[in-house]
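Hi,

Here is the structure I promised to pass on to you.

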Amino acid sequence: MRVIVSIILCIVLAHQAWSDDRKTETVILITIDGMRWQEVFRGVDNAFFDQQEFIAYKKHHGDFKQQYWRDSLNERRAALMPFFWGTIAQDGQLYGNRDKGSKGELGNRYHFSYPGYSEILTGIADDDRITSNDKILNPNRTILEWLNHMPENNGKVEAFGSWDVFPYIVNEKRAGVPVNAGFEAYSGSGAEVAFLNKLQTEVPSPWDTVRLDAFTMGFARAALAREKMKFLYIALGETDDFAHEGLYDQYIRAAHRSDTAIAELWAWVQSDPRYAGKTTLLITTDHGRGSDSLAAWKHHGRFPYTKEDGTQAVSDFKGDDQIWMAALGPDTPALGELSGGETVKLNQVAATAAKLLGYRFEDSHEKLEAGEPISAMIGK
Ligand SMILES: [Zn+2]
């Protein structure tokens, strides 16, 4: 009996020692703007098929159905996001499938981008000061700034965003963290960066404040290749803008491209000895979208407006506070798609990333407190 007890004790202690042995040396945080959990976990919604107002290219519509529609839910979502369902669902964790009781939510009052990104990066929902998408320097300190001010991490933190407000959200100058966003040329060197910088001035963009994600991803890859990074943030934006335009097929294609770009990034990370087996990927979104009618998916956000009769009202897109999260890396147990369990919140992302890197995150707000790390993502 005593022998059996000591064997069990040895196994338990060995496991504890192993689980304290954190392997993550780099965290790559990626956001996909306004990507709904409904599409991540259910694949394309055929309620949008044959609704011509939601389709950009009528003559290609048959191809679109063929590419993304499958009768089986598991095959359908894998057709949309093959990396999420082929790799993350096998080796990592996926939170937010409300059909299975797993919930993700944001904590800020506004349900649009700046407050969402600020909540992700600073760990707090500062509803009194972060109230719009305007280009206002964030008074709160992000995890990028906090890490970059540690001597061992200085110069190993960088951000890339498709939306031109990111230099303000990160407060680039105060933080000392380079933020390449909007239509800025990237200062990095090399043939690929030169090519992308030139191409960025040559191809038309559908929007004037958001560039195409291929540039954002391309520049981010160059930063990872240049030197071993501690924390890299990549903010993709196409999904939200195509959705606001009401183009469901383009929103879906953007989501698929995001999945492909992340898959390629992950394959590259695993091919580079500086990162392979030492890098954790965290992926989430800044907000959800409406869900209670065929048109509601286009938009999100709580903001006051004046109705036709002159009275004041606040917009309400039911479900736009619902988000999802994904994690993949050497310290993250392979739990796959979560059912039930704890609700994960946007204000926990900064603390989770910090803990993966061996730190306890400290927010900069006098009264509000950052969310706690999501312990299941770290395996303890
Ligand atoms: Zn939006």
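Predicted model: local features only at pLDDT ≥ 70, side-chain atom pairs only at ≥ 80, totals over all residues.

The chain has a mean pLDDT of 93, with 93% of its residues at 70 or more. One stretch to treat with care is residues 9–19, where pLDDT stays under 50. For that stretch the model has two contacts beyond four places in sequence.

**The sheet**

Start with the strands. Eight of them form an open sheet with mixed pairing, and the order is β5-β4-β6-β1-β7-β10-β2-β11. The edges are β5 (179–181) and β11, and each has a single partner strand, so one side of each has no neighbour in the sheet.

A quick reminder: strands of a sheet pair through backbone hydrogen bonds, either parallel or antiparallel. You can find both kinds here. β1 and β6 run parallel and share six bridges, and I28 sits opposite L232 of β6. β10, on the other hand, has antiparallel pairings: four bridges with β7 and three with β2. If you want landmarks, L281 is opposite L328 in β10, while Q93 is opposite A327 in β10.

Which way do the residues of β10 point? M325 and A327 go one way, A326 and L328 go the other way, and all of them are buried.

**A helix that is well covered**

Next, find α14, residues 349–356. How many of its eight residues are buried? Eight of the eight. Even K355 is on the list of buried residues, along with V349, A350, A351, T352, A353, A354 and L356. Just past the end of α14, G358 has a positive phi of about 95°.

α5 covers residues 82–91, and its buried residues are F83, F84, W85, I88 and A89. The axes of α5 and α13 are 8 Å apart, and the two helices pack at an angle of about 40°. That angle makes α5 oblique to α13. The residues that meet are P82, F83 and F84 from α5 and D259, I262 and A263 from α13. By class, this contact has five nonpolar, no polar and one charged residues.

α11 (residues 213–226) meets α13 at another angle: their axes cross at roughly 10° and come within 11 Å. These two are therefore roughly parallel to each other. On the α11 side, D213, M217 and R221 make the contact, and on the α13 side R257, S258, A261, L265 and W268 do. The classes here are four nonpolar, one polar and three charged residues.

The spacing on the helices is worth a thought: an α-helix has 3.6 residues a turn, so residues three or four places apart point the same way.

Most residues other than glycine have a negative phi.

- H111 has a positive phi of about 65° and is not a glycine. You'll find H111 in the loop between β3 (104–105) and α6, where it is buried, with 26 other C-beta atoms within 10 Å.
- N171 has a positive phi near 55°. N171 lies in the loop between α8 (166–169) and α9 (172–175), and it counts as buried because it has 21 C-beta neighbours inside 10 Å.

Last one: R274, in the loop between α13 and β7. Is R274 buried or partly exposed? With 14 other C-beta atoms within 10 Å, it is partly exposed. R274 and E25 are 249 residues apart along the chain, yet their C-alpha atoms are separated by 9.2 Å.

Key:
Residues numbered from 1 in each chain as written. Buried ≥ 20, exposed ≤ 12 C-beta atoms within 10 Å, placed from the backbone. pLDDT = per-residue confidence, 0-100. Contact = placed C-beta atoms within 7 Å. Axes fitted to C-alpha atoms, helices over the stretch in contact; angles between N-to-C directions. Parallel < 35°, antiparallel > 145°, perpendicular 65-115°, else oblique. Nonpolar A, V, L, I, M, F, W, Y, C, P; charged D, E, K, R; others polar. Pairing = 2+ DSSP bridges.
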